[in-house]
Amino acid sequence: MATLNIVLVEPQIPQNTGNIARTCAATGARLHLVQPMGFSVDDKKLKRAGLDYWHLLDISYYSGLPEFFSQNRGPFFYFTTKGQNLYCDVSFPDGAYLVFGREDAGLPEELLVQHPGSCLRLPMREEARSLNLSNTVAIGVYEALRQWGFPQLQNQGHLTRYHW
């Protein structure tokens with residue numbers, strides 16, 4: 001069974017984290033939340049975005065980046081608008097950690113400068129500051145899963161009233 005890890009470093013907007021939790025629940029990705037966060041995990045906005053899926057989550061919490069890195073070995077891929085590498089040019093190995101920063105500040109630059117080959121970017125227009133965090137996570141998750149052949153996921157839908 002392939003393992004994909006999604007890491008949110010200091011998320012600030014509960015609806016984004018709820019949407020990301022729903023993506024993780026639907027795909028089987030593990031969710032790692034690195035504090036401090038801009039909300040509490042019992043926030044009604046967070047629960048509303050991912051309510052029906054919360055019981056499906058494999059979720060871990062960390063007091064900060066030092067604790068996270070001491071408990072996880074990678075490989076790590078840092079999604080950032082400052083990256084020099086495209087997310088679609090990387091082969092994600094089993095056990096990969098896709099790491100995302102705060103909505104208002106991204107990941108710490110000292111972290112990025114230490115790992116330039118692992119800093120990934122989604123192409124966008126120069127005038128655009130960034131994509132929404134939950135959209136960026138979904139793109140990263142589905143690219144990794146596409147490379148792996150969508151393991152353990154249902155690849156065909158079913159009509160309720162008709163047959164194909």
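In this tour a residue is called buried when its relative accessible area is under 20%, exposed when that area is over 50%, and partly exposed in between, with a 1.4 Å probe and only the protein chains counted. The model on your screen is predicted, so local features are described only where pLDDT is at least 70 and side-chain atom pairs only at pLDDT 80 or more, while totals for chains, interfaces and linings use all residues. Residues are numbered from 1 along each chain as its sequence is written, and side-chain values use heavy atoms, with hydrogens and water left out.

**First stop: the segment after α5**

Helices and strands are named here from DSSP runs, numbered from the N terminus, with helices (H or I) of at least four residues and strands (E) of at least two. Select Gln152, which lies in the segment after α5 and counts as exposed because its relative accessibility is 58%. The phi angle of Gln152 is near 60°, a positive value in a residue other than glycine. Phe150 is found in the segment after α5 as well, and its phi, near 55°, is again positive in a residue other than glycine. Most residues other than glycine have a negative phi, and most peptide bonds are trans. Phe150 counts as partly exposed, since its relative accessibility is 28%.

Now select Leu159, placed in the segment after α5, together with Tyr162 and Trp164: these residues form a nonpolar patch on the surface, with about 460 Å² of accessible area together. A patch is built from residues with over 30% relative accessible area and no salt bridge, joining like charges within 9 Å and nonpolar side chains (Val, Leu, Ile, Met, Phe, Trp, Tyr) within 5 Å. The areas come from the Shrake-Rupley method with a 1.4 Å probe, and for residues only the protein chains shown count as cover. Leu159 is itself partly exposed, with a relative accessible area of 38%.

**Second stop: the salt bridges**

A salt bridge is counted where a side-chain nitrogen of Lys or Arg lies within 4 Å of a carboxyl oxygen of Asp or Glu, and by this rule the count comes to six. Select Glu109 and Lys82, whose closest N and O atoms are 3.1 Å apart in a salt bridge. This pair links distant parts of the chain, 27 residues apart, with Glu109 in helix α4 (residues 109-114) and Lys82 in the loop between β4 (76-79) and β5 (85-86). Lys82 is partly exposed, with a relative accessible area of 43%.

Finally, select Glu10, Arg102 and Asp104, which are linked in a network of salt bridges.

On a 1 Å grid over the protein atoms alone, a pocket is an open set of points with protein on both sides within 12 Å along at least five of seven lines, and lining residues have an atom within 4 Å of a point. The volume of the largest pocket is about 480 Å³, where a volume is the space filled by probe spheres set on the points. Both β7 (119-121) and α5 (133-147) supply at least two residues each to the lining.

Select Phe100 in strand β6 (residues 97-100), a buried residue with a relative accessible area of 2%. Phe100 and Val9 are 91 residues apart along the chain, yet their C-alpha atoms are separated by 6.1 Å. Then find Pro36 in the loop between β2 (30-34) and α2 (44-50), where the peptide bond from Gln35 to Pro36 is cis, with omega near 5°. Another cis peptide bond joins Gly74 and Pro75, with omega about 10°, and Pro75 lies in the loop between α3 (65-71) and β4.

Technical notes:
On a 1 Å grid over the protein atoms alone, a cavity is a set of points where a 1.4 Å probe fits but cannot get out, and a pocket is an open set with protein on both sides within 12 Å along at least five of seven lines; lining residues have an atom within 4 Å of a point.
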